[in-house]
Amino acid sequence: MDKRSKIYIAGHNGLVGSAISRLLESKGFSNVVTLNSNELDLRNQSAVASFFKKEKPEFVFLAAAKVGGILANETYPAEFIYDNTVIQSNVIHHSYLNGVKKLLFLGSSCIYPKLAPQPMKEDYLLTGLLEQTNEPYAIAKIAGIKMCNAYNKQYGTNFISVMPTNLYGINDNFNLTTSHVLPALIRKFHEARIKGSKSVEIWGTGRPKREFLYVDDLAEACLFIMCNIDYPQLGEFINIGTGKDITIRELAEVIKEITEFKGNIKFDLSKPDGTFRKLLDVSKINNLGWKSKTSIIDGIRETYKWYLEHNNDW
Ligand code: GFB
């Protein structure tokens with residue numbers, strides 16, 4: 001991929017797609033195609049077919065997906081499986097039909113079994129049962145990995161998959177019913193400080209552990225892989241994370257400090273904990289030459305700064 005290559009970012013308004021878009025722009029990639037969902041509904045097969053036939057992108061970042069936190073996954077399981085399987089099938093198939101040179105598919109660390117040994121290596125895929133709260137989403141993402149692999153085997157394509165850990169950053173979703181934990185806690189602690197509340201309620205026991213990767217670091221990993229690592233060398237897919245995790249309680253303490261909230265933290269035990277732990281083994285990507293660089297403190301500070309500039313949007 002060079003600076004004049006024609007690149008399509010599917011999902012450029014989302015957390016991941018917008019980070020990839022910012023990075024490509026800052027590096028001088030000048031031929032990037034993006035369309036909003038009202039211009040191209042990626043669930044519509046004939047619309048996707050016409051788009052690929054007309055635009056003929058050479059490289060595709062497949063970051064379009066229906067995503068959300070633990071409650072959104074539980075509330076909308078049909079949308080999580082339907083939207084994701086249809087979007088990825090349309091984009092992968094029409095990339096193949098139109099001779100795309102390389103496609104990068106974004107998955108998620110929830111593809112691994114609920115009780116997988118920690119940290120989770122790439123070859124633990126499909127060795128056990130999935131976490132119930134996000135099984136439809138995980139099944140869709142596993143189908144995406146397997147579809148890329150099947151096309152590589154049968155048609156000789158170069159379609160690769162990356163599995164990021166829990167992401168956060170600029171352009172995150174701060175809606176309290178659909179978001180992930182990190183943006184939700186930024187908003188909850190910020191609003192509690194403004195309102196002078198005595199406490200903030202967080203979901204579950206606070207004991208589960210999560211690994212958080214700043215989305216701009218993920219974008220750099222995606223560009224590094226797109227430019228340097230092809231299908232046979234990469235294998236079926238590759239983990240992308242920091243290699244470190246913290247408990248939800250520890251995360252809440254960090255966010256409490258950054259937002260300068262002085263009250264207490266309470267736990268709402270009626271809400272689910274989800275997977276107890278899902279730490280990625282990142283030795284494969286580290287050995288290929290990439291490491292995350294943003295500390296969780298710096299990443300949360302940047303995200304909070306962005307939230308303060310945009311908090312009228314929610
Ligand atoms: O980020 P989160 O929604 O997703 O929740 P998962 C992580 C943990 O934080 C859970 C707790 O134990 C939640 O109960 N938590 C505490 C909260 N307070 C809150 C809150 O106010 N909001 C939220 N959302 N959580 C998702 C999957 O799992 O992770 C997706 O459902 C995907 O499929 C994504 O894989 C990365 O890490 O549990």
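## Basis of the description

Helices are DSSP runs of H or I with at least four residues and strands are DSSP runs of E with at least two, both numbered from the N terminus. The model is predicted, so that local features need pLDDT of at least 70 and side-chain atom pairs count only at pLDDT 80 or more, while totals for chains, interfaces and linings use all residues. Residues are numbered from 1 along each chain as its sequence is written, and side-chain values use heavy atoms, with hydrogens and water left out.

## Backbone features in two loops

The loop between β4 (102-106) and α5 (135-155) contains P119, which is joined to Q118 by a cis peptide bond with an omega of about -10°. L126 is also found in the loop between β4 and α5, and this residue, which is not a glycine, has a positive phi near 60°. L126 counts as exposed because its relative accessibility is 55%, given that exposed means over 50% relative accessible area, buried under 20% and partly exposed in between, with a 1.4 Å probe and protein chains only.

A positive phi of about 75° occurs at N171, again a residue other than glycine, in the loop between β6 (166-168) and α6 (181-195). With a relative accessibility of 30%, N171 counts as partly exposed.

## The shell around the ligand

The ligand is surrounded by 22 residues, and the closest are I70, K188, R210, P272 and D273; a residue is taken as near a molecule if one of its heavy atoms lies within 4 Å of it. At least two residues of this shell come from each of α3 (70-75), α6 and β7 (199-203), and α6 gives the largest share, with 3 residues.

By residue class, the shell divides into 10 nonpolar, 8 polar and 4 charged residues, where Ala, Val, Leu, Ile, Met, Phe, Trp, Tyr, Cys and Pro count as nonpolar, Asp, Glu, Lys and Arg as charged, and the others, Gly among them, as polar.

An N or O atom in the side chain of N73 lies 3.0 Å from an oxygen atom of the ligand, and for the side chain of N134 the corresponding distance to a ligand oxygen atom is 3.5 Å. In the side chain of N166, an N or O atom is 2.9 Å from an oxygen atom of the ligand.

On its own the ligand has 710 Å² of accessible area, of which the protein covers 97%, with areas computed by the Shrake-Rupley method and a 1.4 Å probe.

Technical notes
A polar contact is a pair of N or O atoms within 3.5 Å; within protein, one must be able to donate a hydrogen and the other to accept it, and residues adjacent in sequence count only if both atoms are side-chain atoms.
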